[in-house]
Amino acid sequence: MQDDLIPFIPFEKLRGRTLIWCYLITGFVYGMIRFGLQRVWSESGQNLLPDAVADLLFYAIFLVCISPILFRSRLSYKQLFGSCPAWATFRWYILWTFPLIIFSVVAIYLQYVLSHYLVPEIADWWFNARSTSLDSENLIVNVLNFTTIVLIVPIFEEFFVRGILLTRWSIKWGTPKAIFMSSLFFGILHTDIIGAFFFGYVMSILYIRTKSLIIPISIHMANNFIVLAGDIVERPMREVPQHETHIVLQESEALWLMALAVIIIPWAINIVWKNFPKESWRVPYFAEARYLK
């Protein structure tokens, strides 16, 4: 009986609300650091180095904040991350990156079009706020952003949201509600709430299906890399003239968006339908995931 309880012990000490408070406190400290760096380095308001440094420091501060909690919990990282999947499995699941990106793009533009008719000023601010702080003329900024966005963010977010919160909340509420709540939390962390929520939902399913956090981390890295590369290519074409107050979709772009929506939305509905969580599901840290087809 005692052996059956051993896997649960770390997550009795890893409380979700405590970890979220650590995240919020880190965000507050991050805000102050970013403001201070901008005051020092950005007299002209054009220097993006403070943002790049502050973004990197956010994860360093968050790690320092939660390290004592993780240490006291005696969490088994090997059990949480799982084994590295076979190359054939890895190659198959990494292809999920492309439909997930397409769904995110469709969701972003549909949200923008809808919100533009309701609150155009907020919609334009939200759409432009999605851009990364890239600076084609500053190598240091680009290297820092690549390191943060492509390498650090996927590891931290998958470990924190899918690994820790999903597992902890599955004990508290059951796996179905834990998948929903962790995906919602993940969505709130991003400007594209709908796309990020669906991404988080799929990553939760894949974590349970493959019994490995390596798959979600790898897909997350591939997703961020492709989005970052696309942002670099698209940035010169996306610049809005000073006299424009909103994003203008050309007729061909609108047709492409409609075509993608017709394809990708049924795909997303099918994914949710076929992988709708059941009460009998258990996260990989606690049990073999043999209930998924």
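Let's start with one residue. At 0% relative accessibility, E158 is buried. Keep in mind that this is a predicted model.

Who is the partner of E158? E158 forms a salt bridge with R162. The closest N and O atoms of that pair are 2.8 Å apart. R162 is buried as well, with a relative accessible area of 0%. So both values fall under the 20% cut-off for buried.

Where does this pair sit? R162 and E158 both belong to helix 9, residues 139-173. They are 4 residues apart, which is about one turn of the helix.

How many salt bridges does the structure hold? It holds 2. A word of background here. Side chains of opposite charge can pair when their charged atoms come close.

Now the other pair. D51 forms a salt bridge with R34. Again, look at the closest N and O atoms: they are 2.8 Å apart. This pair links distant parts of the chain. D51 is in helix 4, residues 49-73. R34 is in helix 3, residues 16-41.

Buried or exposed? D51 counts as buried, at 11% relative accessibility. R34 is partly exposed, with a relative accessible area of 28%.

That takes us to the helices themselves. Two packed helices are described by the angle between their axes and the distance between the axes. For helix 3 and helix 4, the axes come within 8 Å. They cross at roughly 150 degrees. Angles over 145 degrees count as roughly antiparallel, so helix 3 and helix 4 are roughly antiparallel to each other. The crossing of helix 3 past helix 4 is right-handed.

Last topic: confidence. The protein averages a pLDDT of 82. Of the residues, 80% score at least 70. Which helix has the highest confidence, and which the lowest? Helix 10, residues 175-188, is highest, at a mean of 95. Helix 1, residues 2-5, is lowest, at a mean of 42.

Two stretches deserve a mention. Over residues 1-5, pLDDT stays under 50. The model has 1 contact beyond four places in sequence for that stretch. Over residues 289-293, pLDDT also stays under 50. There, the model has 13 contacts beyond four places in sequence. Where pLDDT is low, the predicted coordinates should not be read in detail.

Notes. Residues numbered from 1 in each chain as written. Heavy atoms only, no water. Salt bridge = Lys/Arg side-chain N within 4 Å of Asp/Glu carboxyl O. Helix = DSSP H or I, 4+ residues; strand = E, 2+ residues; numbered from the N terminus. Buried < 20%, exposed > 50% of the residue type's maximum accessible area, 1.4 Å probe, protein only. pLDDT = per-residue confidence, 0-100. Contact = heavy atoms within 4.5 Å. Axes fitted to C-alpha atoms, helices over the stretch in contact; angles between N-to-C directions. Parallel < 35°, antiparallel > 145°, perpendicular 65-115°, else oblique. Left-handed = near helix turned anticlockwise from the far one by under 90°.
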